[in-house]
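This report describes one structure in plain terms.

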Amino acid sequence: MRVPGGYFGRALVVDVTDGTAELLPLPEPVLRAYVGGAGLGTWLLHRLAPAGADPLSAEAPLAFVFSPLVGTPLTTSAKFAVVAKSPLTGMVNDALASSHFAIAGKLTGHDAIVVRGRSPRPSVLLVDAGGARLVDAGPEWGLPAAEAERRLRERLGRAWRVASIGPAGERRVPYATVSHDGRHAGRGGLGAVLGAKNVKAVAVRAATKVASAHPQAVLDAARDLRARSFGPATAKYRELGTLANLLAFNAISTLPTRNFTAATFAEAPRLAAEDLAELRGVARNSCASCTIGCEHIYAAKDGKGVRVEYENVFALGPMCGVSDPDDVFAASARCDELGLDTISAGGTIAWAMECAERGLLDAPWLRFGDGAALLRALDEIGSGEGLGGLLALGSRRAAEIVGGGSAAFAPHVKGLELPGYEPRTLHAMALGLAVNARGADHNRSGAYEADLSGTLDRLAGGRAHVDAAVETEDRAAVMDSLILCKFLRGVFTEPFSEWASLLSAVTGWDVDGTELRRTARRIVLAKRMFNLREGWTPADDWLPERLLTQTLEVGSGRTAALTPERLRAMVDGYYAARGLDADGRPPEAALEDLRLEFVGG
Amino acid sequence: MGAPKAALEWHGSTLLRRTVGIVGRAVDGPVLVVRAPDQPLPPLDPGVRVLDDPREGLGPLQGIAVGLAAAAPDADVAFVCSTDLPFLHGAFVRRVLAAFVEGVDVVLPDARGHRQPLAAAYRTALAPRVERLLAEGRLRPAFLFDECRVVRLDDAALLADPVLAAVDPALDSVANVNEPADYERARARPAPQVTVQRFGTLAGDGHGGRRTLRAATLAGAAAAAELVLDRHVVAAVNGDRITRDGETPLAAGDTVSFLAADAGG
């Protein structure tokens, strides 16, 4: 089998029930069709996940998927995707992260490492030149992911790179993360999938090298991209980090506040990067192979450093009505320790705060704006005590239990809690959030870019917003499969063509921008097909009732209304633009392009 | 005037561009511009609909008829104004529209001692009636008002709105320019006072916080705030639509937020 540059042409599939492993060939047509990362991971799910399998069952696979760019000097390329059926949504889920784990994992000689089965005891899966094997995770079980990672590298040696789960993953909280190097493959509960397999961590050690088809071209491209990565398009991430969004979003009524009862937060300035960076900023870090350096570390009250991003501050701050930076930093650190997705944790707690204030939950201590209550709620999620069992289900399932109309304000799509982008004042993003395969997420649909670009009226969703949602979803599909960091997106002027050039240099394929656009559509469709297989219905491509029935007023006095009719028209437009039928299902002819003929293997 | 009013320069933009922009910010529906056949117009936002008035020389009612008929499918009520109102404020437009209640056909400001039929609000269903008046040769707006239910707003009634009273206490919104001297005087007045705030990376080097300055357009505000509206900078006026169009008009009391265009994360 011919193997293109940048690939090994195989995945390692490990059954942790008994530690056995087998190689799954990845034919070149599949690699070219899905590239890597989220795309290839979706194909692997089609190939390896039994239809209808419980995500937390032994038979459900979880894949660490690398990409052809990993191991090259291209900036931000040290990324990987963790892909599985989500226990939170019951649909396809891919979460990306950046670290040396990506490089060491790929250089074990595999384009993906797939874990399935269930270990009889808490274990660590090791993969290196010697293949796969399991070791006891007893000493690390119960530890925060970062501590487990540190101890494992002490035990195994510094050449090992470790992705670990925290206590929340062990307890199978369906929004638990997979963590490594202080970063998280955060959304959709992949930590619970690993925890359900009794696998505390996966450790990898590089064993080989991988060659690019045109090394000089890759080097030249890397130099060029590196230079561009220092330009104004990345200045925001470099200088203030994503927290720079917070005060700006507040100014334009786009900051979800108190469980989407408002889009501005009067106390937002207390959490603003513009001031906190000066008062609390202590360090700036970069992911492996990254020249941007978006990671900003702030000092918490106890003196420890906390990695602060817009999404964790939004979710644990304004979303819960909490404005004390020490409370927000402490809550963020608590999520890191437990291995919890901050967006889902914050969203679920904000929903619970509203339930408590409405008398739907008997928890008088749980109130908007109370930082201590926020921390207590997180502790209970971690321990399973008190309200923890309920809140650990996520807002969708918790609302089904609590009832009382609370589903109308449970802040999720497909079960995944909404990120910090107010759909009523960002109509392109509203559509992106509604239709995306992963659920409500800002990394798989970046349609907010169009809303915030000035090219359309963000309060008047229509045809232009549909086009923007399709385009940004396509771009995300390619970036998440190459994989390149989205913080680079502003440096590309002809993204599909430029990405195709990078891919050509690494693989030797004569791929161009047109082919990569088709690749994007294929990946988006393949995700939708997986969801269809797992029980998706048209009702899943929708937003919470609150967002469609309660209006907002922006600073100018204009009313921001996202009505069911407007959303329906945009969803219908999206289906048409994607070549789907009126119910969002693809025609038979479209399926021929998916390369699923290789699924039967 | 010696020159078409629509194209008169206004702080780097044009009078028509300003009027269209101000009205557009104050209404929910589309903005329509009625012009004489083949009359050249300065560049306008692509969302503005330009209508050709088929008949010249019939006075303001003719333009009103064309505009109301075209607006009728989208709106029950339309604010109608001439292009030569360099100090028209969105608060004035909103105040007039707010007086429109059930049973009313026209809200007619009677400001600064004059009736203001070209700074008034009309029910779009009046279009056929206006056409009839035109056919009868009754070309003055007063003929229309005689057979309509009209709410008149004098200075006191207009300024009862605290927002309008704060931003346009002299009701300059209805000050028009008919002679070159009017234009020169208007142009010589200082630009409106607005508040600007730079966010994120744009707030670095001591540029954070709110700042008051004078600017008639977004480009003017950007320049005064030491910014260039390039692909990395966008702005929102009063927290509303995002734009990098430098000709976006500003009015007294506006707040301009300058944001890094590279949103996300």
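## A three-stranded sheet in chain A

Strand β14 (residues 295-299) of chain A is joined to β15(A) by four bridges, and the two run antiparallel. A:Y298 has A:V306 in β15(A) as its bridge partner. Helix α12 (residues 325-338) of chain A packs on the sheet and touches β14 and β15 of chain A; its direction makes about 90 degrees with that of β15(A). Helices (H or I, at least four residues) and strands (E, at least two) are DSSP runs, numbered from the N terminus. Two strands pair if DSSP finds at least two bridges between them.

The open sheet has three strands in the order β13-β14-β15 (chain A), with antiparallel pairing. Because β13 (281-285) and β15 (305-308) of chain A stand at the edges with a single partner strand each, one side of each is left without a neighbour in the sheet. On average, neighbouring strands of this sheet are turned by 30 degrees against each other, direction ignored. Axes are lines fitted to C-alpha atoms, for helices over the stretch in contact, and angles run from 0 to 180 degrees between N-to-C directions.

## Basis of the model

The model is predicted: local features need pLDDT of at least 70 and side-chain atom pairs count only at pLDDT 80 or more, while totals for chains, interfaces and linings use all residues. Residues are numbered from 1 along each chain as its sequence is written, and chains are lettered from A and ligands numbered from 1 in the order in which they are written.

The predictor gives the complex an ipTM of 0.90 and a pTM of 0.95. Chain B has a mean pLDDT of 94, and 98% of its residues reach 70 or more; pLDDT is the predictor's confidence in each residue, from 0 to 100.

## Domains and a helix pair in chain A

Chain A is divided into domain 1 (10-204), domain 2 (241-410) and domain 3 (423-598), with bounds that come from an automatic or database domain assignment. The C-alpha centres of domain 2 and domain 3 of chain A are 26 Å apart. In chain A, 10 residues of domain 2 are in contact with 13 residues of domain 3, where contact means that the C-beta atoms of two residues, placed from the backbone, lie within 7 Å. The side of domain 2 of chain A that touches domain 3 of chain A has eight nonpolar, two polar and no charged residues. Ala, Val, Leu, Ile, Met, Phe, Trp, Tyr, Cys and Pro count as nonpolar, Asp, Glu, Lys and Arg as charged, and the others, Gly among them, as polar.

Helix α2 (residues 37-48) and helix α19 (residues 463-482) of chain A have axes that come within 4 Å and cross at roughly 85 degrees. That makes α2(A) roughly perpendicular to α19(A), a term for angles of 65 to 115 degrees. A:G37, A:A38, A:G39 and A:L40 in α2(A) meet A:A477, A:D480, A:S481 and A:L482 in α19(A).

In chain B, five strands form an open sheet of mixed pairing in the order β11-β10-β14-β12-β13. Strand β12 (residues 233-237) and strand β14 (residues 255-260) of chain B run antiparallel and are joined by five bridges. B:A236 stands opposite B:S257 in β14(B).

The contact takes 27 residues from chain B and 33 residues from chain A. On the side of chain B that touches chain A, the largest share, four residues, comes from β14(B). By class, that side of chain B has nine nonpolar, 13 polar and five charged residues.

Key:
Parallel < 35°, antiparallel > 145°, perpendicular 65-115°, else oblique.
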